Structure formats: C-alpha cells, structure tokens
Amino acid sequence: MSVSLFSLWLPILLSAMAVFVASWMVNVVIKWHDRDVSGLPDEDKVRDVLRPFALPPGDYVFPYAADVREMGSDEFREKCETGPTGFLTVYPNRVFAMGPALGQWFLVSVAISGLAGFAAGVGLGPGAEFWTIFRTVSVVAFAGYAMGVFQSSIWFGRSWGYSLRSAVDGLIYAWLTAAIFAWLWP
C-alpha cells in the first residue's frame, strides 16, 4: 500500500520552509558562496563599452558559432585562442528584486519536496521505518537540489568550487527534507 501525496502536505511544506531558512543561513550567515563570483577589472569601463549595444536580456556566448561545423573552422579557433571567451547573462536594466527570486526559490523547494514525497510514497507504505524513509527522500531531494548544478561547470565554465559548494548545500537541504519526512511520515 502506498502513501498518497495529499497525506504528505505537511512534510512537503515544512521541509520547503526548512530549506528556505537553511539557504538563508548558508548565503547570509555562513556566506560561503561569497567567492562564487567576482567583479570585472575596471567594471565601469566594460559597462561603458557594452552599453551602446543595448543588449536585450538573455544569455550570450562569445565567440559564437551557429553550429558545430562552424566551431571547427580556423576563424573560430583563432577567435578562441586570442580571447576573451565566455558566457554573458544580461538582466533587464533594474535593481535586482529579491522578493520574486525568493518566491520562486520557495516554489522550487516545494516542488522538490513534493517529488521526493511522491517517490517515497509510491515505494513505501504507511508506518515505514525512519531510516528507510530518510534514505529514499534524501536521494530524490539531493538529485533535485544538487545534481543539475554540475552542468554549470561542465557546459558554462562555472568553477568546480561553485558546483561542489552548491552540491554540499543540496546535501544539507536533502537531509533536512528527509528528516522532516521521516519524522512526519504517516
């Protein structure tokens, strides 16, 4: 007999709230992500050079190749070797609004908790043992919180330190989620 997702509404919401608080502590109190990014040398000059292009918000890569064949060309290779190369994300011209981003983060946490609860509910029945619930929920929650971040290092050049620190965050969030589910399991 499985456990319905509806019966898991309380651990889903409480674990999402716990993750929200834990992520605040990681980013505001512990601050171990402060070194994930740095400012540009002579930032004002770089911004002055880019401003006339009026780049619309979006993601850009430079040098750019329209397809894989173009990436093999001598011209493209020369652009890469002379540099700079990179990815650039352009935001709308406004002060970054934390409120909507925090709301989206909470909704993602609810979704990850919901998926972890669903997976555990399908495989485990009512009254399952604490550690069985903990293991099942933590594996699914870890996949949700952490595994996708490695793509940033593989494909977009983010530092491996960033990905590893983010994966540790994901492990913390997964363990919080799993503990709450195991505690409140029907």
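Helices (H or I, at least four residues) and strands (E, at least two) are taken here as DSSP runs, numbered from the N terminus. The model is predicted, with local features requiring pLDDT of at least 70 and side-chain atom pairs counting only at pLDDT 80 or more, while totals for chains, interfaces and linings use all residues. Residues are numbered from 1 along each chain as its sequence is written, and side-chain values use heavy atoms, with hydrogens and water left out.

The chain holds eight helices and two strands, which follow one another from the N terminus in the order α-α-β-α-α-β-α-α-α-α. Its radius of gyration, taken over C-alpha atoms, is 21 Å, whereas a compact globule of 186 residues would come near 16 Å (the globule rule being 2.2 Å times the number of residues to the power 0.38). Along the principal axes, the C-alpha atoms fill a box of roughly 65 × 40 × 25 Å. Of the 186 residues, 28% are buried (under 20% relative accessible area, 1.4 Å probe, protein chains only). Contacts (heavy atoms within 4.5 Å) between residues at least 6 apart in sequence join residues at least 24 apart in 77% of cases.

A closer look at one residue follows. Ser-153 sits in helix α7, which spans residues 150-156. With a relative accessible area of 6%, Ser-153 is buried. Leaving aside residues up to four places away in sequence, Ser-153 touches Arg-158, Ser-159, Trp-160 and Ser-163. For Ser-163, 10 residues from Ser-153 along the chain, the C-alpha separation from Ser-153 is 6.6 Å.

How values were computed. Buried < 20%, exposed > 50% of the residue type's maximum accessible area, 1.4 Å probe, protein only.
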